[in-house]
Amino acid sequence: MKENIKKAQALLESARFVGVLTGAGISAESGIKTFRDAGGLWEDHSIDQVATPEGFARDPRLVWSFYNARRKAAQNARPNAAHSALARLEEGRRVAILTQNIDGLHQRAGSKNVVELHGSIWEVRCVGCGALTCRFAIELPILPHCENCGKLLRPHVVWFGEQLDPKVLDAAIGVVEECDLFLVIGTSAVVQPAASYPFLASRRGAPVIEVNKEKTPVTAIAAVSLLGLAGEILPQILPD
Ligand code: BV8
Ligand code: ZN
């Protein structure tokens with residue numbers, strides 16, 4: 001591990017533009033549940049019921065209670081040492097964080113350049129007129145409706161089977177194509193298109209550093225793979 005820490009430090013020291021992909025694992029030490037770990041969200045919720053447009057159409061009340069509980073958890077959470085170390089990385093080099101997380105913790109840690117691939121739990125949009133409202137930490141009444149047109153509001157997140165915002169896709173591809181180092185933190189790397197980004201970066205010659213509690217499909221192509229907790233490893237490898 002010491003060897004790998006040194007290798008990762010050297011790559012980060014010399015990098016001019018670091019692309020970063022984060023997943024639920026980076027927020028785990030802030031007390032936010034991941035999806036596929038033991039005790040994760042997909043253990044007692046069916047993706048179909050709470051993370052697809054069909055599920056929302058079938059039972060919006062169930063979906064709202066799922067997201068209200070997650071909003072409450074995110075509201076009570078604080079950025080952890082991994083988020084703060086990434087925010088410090090922006091001092092002295094270009095950093096772009098492509099996050100699959102919707103909790104907003106990167107921004108609260110001070111990271112400026114964050115692309116929310118799957119949307120934000122802090123935003124809701126109208127299924128009718130599309131009006132977007134930012135409701136920071138307001139406990140939304142179950143089944144909230146649009147003030148403009150009266151239609152149902154939904155979490156402004158990307159569900160399975162939904163397209164990512166084309167502007168977000170463009171921004172993400174730009175980062176993958178231009179970065180000279182790609183950091184992958186706390187993701188099981190199974191959800192597309194996010195999971196393809198480390199492979200695309202590696203194919204263009206940007207070394208990949210993975211920080212994760214377990215091996216993933218990315219481990220095989222990583223220049224350095226550091227197994228362990230993001231909150232412990234990132235402060236060791238990122239420059240002070
Ligand atoms: C789309 C909503 C076009 C917000 C989420 C190509 C091939 C195969 C399938 C597809 C494909 N293209 C599209 C699909 C279908 C689907 C998909 O990828 N399915 C997978 C499951 C096979 N993709 C889509 O539908 C996407 N849309 O591509 O549009 C299209 C449309 C129709 C048809 C075709 C194409 C939309 C995907 C977005 C889905 N929405 N979330 C929310 O509620 O949060 S995804 C959900 O999973 C979250 O966003 C989450 O972030 C994401 C990934 O999970 P992870 O973040 O990786 O979390 P996980 O728990 O899995 O892993 C955590 C990891 O951290 C673990 O490895 C653990 O060991 C580690 N860890 C834990 N603690 C720590 C730690 N590591 C370090 N330190 C710790 N302390
Ligand atoms: Zn409306």
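Modeller: Let us begin with a pair of residues: Leu183 stands opposite Ile209 in strand 8. The model is predicted, so local features need pLDDT of at least 70 and side-chain atom pairs count only at pLDDT 80 or more, whereas totals for chains, interfaces and linings use all residues. Residues are numbered from 1 along each chain as its sequence is written, chains are lettered from A and ligands numbered from 1 in the order in which they are written, and side-chain values use heavy atoms, with hydrogens and water left out.

Colleague: Why is the unit of strand 7, helix 8 and strand 8 called right-handed?

Modeller: The term applies if, with the strands pointing away from the viewer, the path from the first strand over the helix to the second runs clockwise. Strand 7, helix 8 (residues 197-203) and strand 8 form a β-α-β unit of that hand.

Colleague: How do you know that both faces of strand 8 are covered?

Modeller: In a regular strand the side chains alternate between the two faces of the sheet. On one side of strand 8 lie Val208, Glu210 and Asn212, on the other Ile209 and Val211, and all are buried. Buried means under 20% relative accessible area, exposed over 50%, and partly exposed in between (1.4 Å probe, protein chains only).

Colleague: What makes the site of the zinc ion (ligand 2) tetrahedral?

Modeller: Four donors count as tetrahedral if all angles lie between 85 and 135 degrees. The angles among the four donor atoms are 96 to 121°, and the site is therefore tetrahedral. Donors are N, O and S atoms within 2.8 Å of the metal (3.2 Å for Na, K and Ca); water is not among the atoms, so sites may look incomplete. The SG atoms of Cys126, Cys129, Cys146 and Cys149 lie 2.2 to 2.3 Å from the zinc ion, so they qualify as donors. Their spacing along the chain is C-x2-C-x16-C-x2-C. Cys126 lies in strand 4 (residues 119-126) and Cys149 in the loop between strand 5 (132-134) and strand 6 (153-157), so the pair ties together parts that are 23 residues apart in sequence.

Colleague: What makes the link between Asn68 and Arg71 a polar contact?

Modeller: A polar contact is a pair of N or O atoms within 3.5 Å; within protein, one must be able to donate a hydrogen and the other to accept it, and residues adjacent in sequence count only if both atoms are side-chain atoms. The side chains of Asn68 and Arg71 make such a contact at 2.7 Å. Asn68 is in helix 4 (residues 60-76) and is buried, at 6%. Another polar contact, of 3.0 Å, joins the side chains of Ser30 and Asn80.

Key:
Helix = DSSP H or I, 4+ residues; strand = E, 2+ residues; numbered from the N terminus. Pairing = 2+ DSSP bridges. Tetrahedral: all angles 85-135°; square planar, octahedral: opposite > 155°, others 65-115°.
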